[in-house]
Amino acid sequence: MLSVYIAGLKKGTGKTLLSAGLAGTMQSLSYATSYFKPIQTGSNLLNDDADFVNRIDKNIKTFTSYKFQCRSCPLVGAYKEGIKQIDTMKIMHEYKNNIMMTDCHIVEGCNSIYSPIDDKITEINLIEQFVMPLILVVNPLLSDIGEVISGINYIRANNINLMGIVINDYDICSEDIEIKYFPHLIKEFTGVKILGSLPHYSNFENLEPQILISDILNRLDIEDIFSLRISKLV
């Protein structure tokens, strides 16, 4: 099964960008693909994450279990909209029902792996329930190397299958030494595989699908992510 969970250490790291890129790439390679955002915060009629994914490829099957206008963590979003508790059983049921007839499944997390979902669980507990490899998206402009190491240790302490790291908004020519050598520092201090990096996109909302898909194919180890051989890359 071609399934992967995309998560981040905080909001704005690039989870949706990577999710859309992976989904669009697999759909373009003739794999029927689904994108699931269990909990959407900051929801409105114009810019839900699923809408961005469908702009990359309208054939991707997208669905969401909970949508909250509040941009805070899911726990707060649910409280503000009068929902007593986010039902993880409902999330898993809807996921299993909606991935039928698709080959590849992309699940995108909410704000961060630390985000409270209710008074007892956080996002990391939801990731556990999906039992699929995790890709962690990190942004060197938002998180320093210490935060990334702490996040990886937290993931490992919860026995999550961390496939690797994708670095978003990466500038290999940066004058900031920590940013320039971010991939090397992560690998040296954690041993986690770097699956690739994506550049800065100045006009994210209007990013051309072919540009994102091309960058996914050329900048990420797509074959390793999905454990398959892609003939177009031979």
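View 1. Helices (H or I, at least four residues) and strands (E, at least two) are DSSP runs, numbered from the N terminus. Axes are lines fitted to C-alpha atoms, for helices over the stretch in contact, and angles run from 0 to 180 degrees between N-to-C directions. This is a predicted model, where local features need pLDDT of at least 70 and side-chain atom pairs count only at pLDDT 80 or more, while totals for chains, interfaces and linings use all residues. Residues are numbered from 1 along each chain as its sequence is written, and side-chain values use heavy atoms, with hydrogens and water left out.

View 2

**View 3. Strand 5 beside strand 6.** Strand 5 (residues 134–138) and strand 6 (residues 162–167) run parallel and are joined by five bridges. Look for V138, which sits opposite I167 in strand 6.

**View 4. Helix 4 against helix 5.** The axes of helix 4 (residues 88–98) and helix 5 come within 11 Å, crossing at roughly 40 degrees. The two helices are therefore oblique to each other (under 35 degrees counts as roughly parallel, over 145 as roughly antiparallel, 65 to 115 as roughly perpendicular and the rest as oblique). On the helix 4 side you'll find T88, I91, M92 and Y95, which meet L126, Q129 and F130 in helix 5; contact means heavy atoms within 4.5 Å. That contact splits into five nonpolar, two polar and no charged residues (Ala, Val, Leu, Ile, Met, Phe, Trp, Tyr, Cys and Pro count as nonpolar, Asp, Glu, Lys and Arg as charged, and the others, Gly among them, as polar).

**View 5. Helix 6 packing with helix 8.** Helix 6 (residues 145–157) and helix 8 (residues 182–190) have axes 10 Å apart and an angle of about 40 degrees. Helix 6 brings I145, V148, I149, I152 and R156 to the contact, and helix 8 brings F182, L185, I186, F189 and T190. By class, that makes eight nonpolar, one polar and one charged residues.

Note on methods
Two strands pair if DSSP finds at least two bridges between them.
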